[in-house]
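Here are some exercises to work through with the model open beside you. Take your time with each task before you read its solution.

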Amino acid sequence: MTAGVVIVGAGQAGAQLAMSLRELGYAGSVTVVGDEPHPPYHRPPLSKSFLDGELAEPELALRPEGFYRDRGIDLVTATAVTSIDRARNEVRLSCGRVVAYAHLVLATGARNRKLPIAAGAASNVHYLRTVEDARRVRHELAHACNVLIVGAGFIGLEFASVAARHGANVTVVEAAPRVLRRAVSAETSAYFDNRHAAEGSTVLCGRAVDEFRSDSNARVTEVRIEGRVRPVDLVLVGIGVVPNTELAEEAGLVVNDGIVVNAQLVTSDSAISAIGDCARYPRPDAGSDRLESVQNASDQARYVARRICQVDGSIADYGEVPWFWSHQAGDKLQIAGLALPMDTAATLGAPSSGRFSVCRFRDGILVAVESVNRPGDHLAARKLLARGALVTERQVREPGFSLRSAATAPRDGGTAKAHQERTSA
Amino acid sequence: MPKISFVHPGGESQEVEAADGSSVMRAALLGGVSGITADCGGEASCATCHVYVVESWLEQVGTPGPDEDDMLDFAACERQPNSRLSCQITINEELDGLVLGLPESQ
């Protein structure tokens with residue numbers, strides 16, 4: 001068989017790329033190699049509805065088992081790619097098989113950052129990334145009274161909600177001065193801080209665990225935080241991820257906290273692309289970024305599929321608007337665009353009503369919107385950001401402004417006005 | 001198991017089996033229906049599982065809730081009075097034989 005596309009990684013990005021290639025009519029061979037024992041599955045529910053028991057394991061599958069075979073996609077599970085031979089355009093698999101590629105796509109994802117101490121390996125210290133992780137956590141949560149969560153990011157806080165609803169005493173420890181600091185404004189942080197407190201969780205920001213105390217079975221039984229000792233049955237660590245770049249590094253590709261790609265998601269080798277959590281790509285507004293989200297994985301996969309299938313050799317740079325979502329404390333948080341900590345904020349609606357959106361601005365121009373229980377605002381924001389509409393902070397602060405009307409208004413008027421305000425500012 | 005038919009924009013129809021209590025979106029994905037994207041995996045966050053409910057089934061299927069209603073206005077293909085997000089339609093025996101139209105894009 002002639003060499004086709006080989007995809008390293010069978011997560012959201014790898015699976016989406018294989019599907020998109022076939023949808024676009026790609027006729028060459030498509031091989032997806034993943035080291036997990038399962039066909040590709042949805043990860044987001046692992047910290048939400050799967051842990052809650054609402055969603056059963058078979059329902060996590062992205063597609064049914066026969067789907068890949070029916071489309072001529074060679075899905076190789078429980079197998080790692082051990083090396084790339086760039087001179088011969090071949091990859092070697094852990095099972096000994098050698099597969100040739102015309103185009104190689106690295107969708108190797110990321111792995112959880114571990115606690116840098118001995119207790120990080122204790123049997124009741126958990127991380128959440130795979131279905132096996134989630135199964136273990138779900139099992140232990142059923143018997144846990146005292147839950148300690150390290151890290152108040154998406155994973156930590158989503159788990160805090162699930163554990164609190166199970167009736168556990170939940171303590172969350174976060175080194176940063178506020179929850180979700182990497183992702184949202186101070187306004188949205190404050191809202192979720194209150195919501196988790198209302199669910200009975202103790203959220204300690206600007207604090208760290210000073211000591212983990214283990215018993216003879218290598219289980220953490222107590223922790224000391226600011227001099228106070230707390231009993232613990234289960235520890236969940238959500239302190240971020242590390243991109244899986246070793247394979248790329250060993251192959252001599254450029255790596256810098258992520259596999260470095262250009263605006264068309266091609267690595268320093270023109271026959272190799274990288275997508276999803278593992279890829280560092282250039283952004284016109286923010287240098288470069290490496291995003292960890294379903295949207296980023298899916299959109300980059302669709303983009304590379306289009307690029308591989310294109311006939312005329314010209315494709316615009318990758319430029320999808322990033323978006324994220326989280327379910328916690330009974331609320332739906334959705335984020336469109338990417339804000340930086342120093343970006344200013346204006347709130348639409350009252351946080352006390354439980355339905356509001358925080359608009360973020362850089363140099364007075366809308367760059368991101370954080371919506372709580374306002375999904376219409378979220379989609380409107382995505383539409384506005386995607387078409388590059390210049391929405392100013394002044395406009396947003398005018399009485400009666402709504403993202404919905406801005407997104408559905410005739411385009412020229414709004415944009416022209418924004419330009420005018422910007423130049424006169 | 002209830003059966004649900006999806007009609008592609010070109011007119012061809014695809015029937016899938018759907019588990020009671022699951023969502024129409026999940027039945028479409030597991031049945032290999034290509035016109036449903038469902039980027040968020042069924043968490044009512046993305047509006048990429050848009051369907052059109054055929055007239056005769058409208059009453060059985062019901063109307064969207066307030067959040068879904070808001071989101072439908074921003075679906076990739078124009079909203080119609082019979083638009084729904086398929087992740088928000090729960091399957092039961094009474095929906096056996098349901099027919100849904102797929103939009104041109106999600």
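**Exercise 1. In what order do the elements of chain B run from the N terminus on?**

Before the solution, two notes on the model. It is predicted, so local features need pLDDT of at least 70 and side-chain atom pairs count only at pLDDT 80 or more, while totals for chains, interfaces and linings use all residues. Residues are numbered from 1 along each chain as its sequence is written, chains are lettered from A and ligands numbered from 1 in the order in which they are written, and side-chain values use heavy atoms, with hydrogens and water left out.

Step 1. Take the definition: helices (H or I, at least four residues) and strands (E, at least two) are DSSP runs, numbered from the N terminus.
Step 2. Count the elements of chain B: three helices and five strands.
Step 3. Read them in order, and you get β-β-α-β-α-α-β-β.
Step 4. Chain B has a radius of gyration of 12 Å, close to the 13 Å of the globule rule for 106 residues, so chain B is as compact as a globular protein of that length. The radius is taken over C-alpha atoms, and the rule is 2.2 Å times the number of residues to the power 0.38.

**Exercise 2. Describe the overall build of chain A.**

Step 1. Chain A holds 12 helices and 25 strands.
Step 2. Its radius of gyration, 23 Å, is close to the 22 Å that the globule rule gives for 425 residues, so chain A is as compact as a globular protein of that length.
Step 3. The C-alpha trace of chain A spans about 70 × 60 × 35 Å along its principal axes.
Step 4. Of the 425 residues, 55% count as buried. Buried means under 20% relative accessible area, exposed over 50%, and partly exposed in between (1.4 Å probe, protein chains only).

**Exercise 3. How many residues of strand β25 of chain A are buried, and which strands pair with it?**

Step 1. Strand β25 covers residues 365-372 of chain A, and eight of its eight residues are buried.
Step 2. Strand β22 (residues 331-337) pairs with β25(A) in the antiparallel sense over five bridges. Two strands pair if DSSP finds at least two bridges between them. Here, A:Gly337 stands opposite A:Ala368.
Step 3. Strand β24 (residues 356-362) also runs antiparallel to β25(A), joined by seven bridges. A:Ser357 is found opposite A:Ser371.
Step 4. Look at the turn: the hairpin of β24(A) and β25(A) has two residues between the strands, and A:Asp363 takes a positive phi near 50 degrees there.

**Exercise 4. Are A:Asn89 and A:Leu180 buried or partly exposed?**

Step 1. Start with the backbone. Most residues other than glycine have a negative phi. A:Asn89 has a positive value near 55 degrees, and phi of A:Leu180 is positive at about 55 degrees.
Step 2. Locate them. A:Asn89 sits in the loop between β4 (81-85) and β5 (90-93) of chain A. A:Leu180 belongs to the loop between β10 (169-174) and α6 (186-198) of chain A.
Step 3. Apply the cut-offs. A:Asn89, with a relative accessible area of 24%, is partly exposed, whereas A:Leu180, at 3%, counts as buried.
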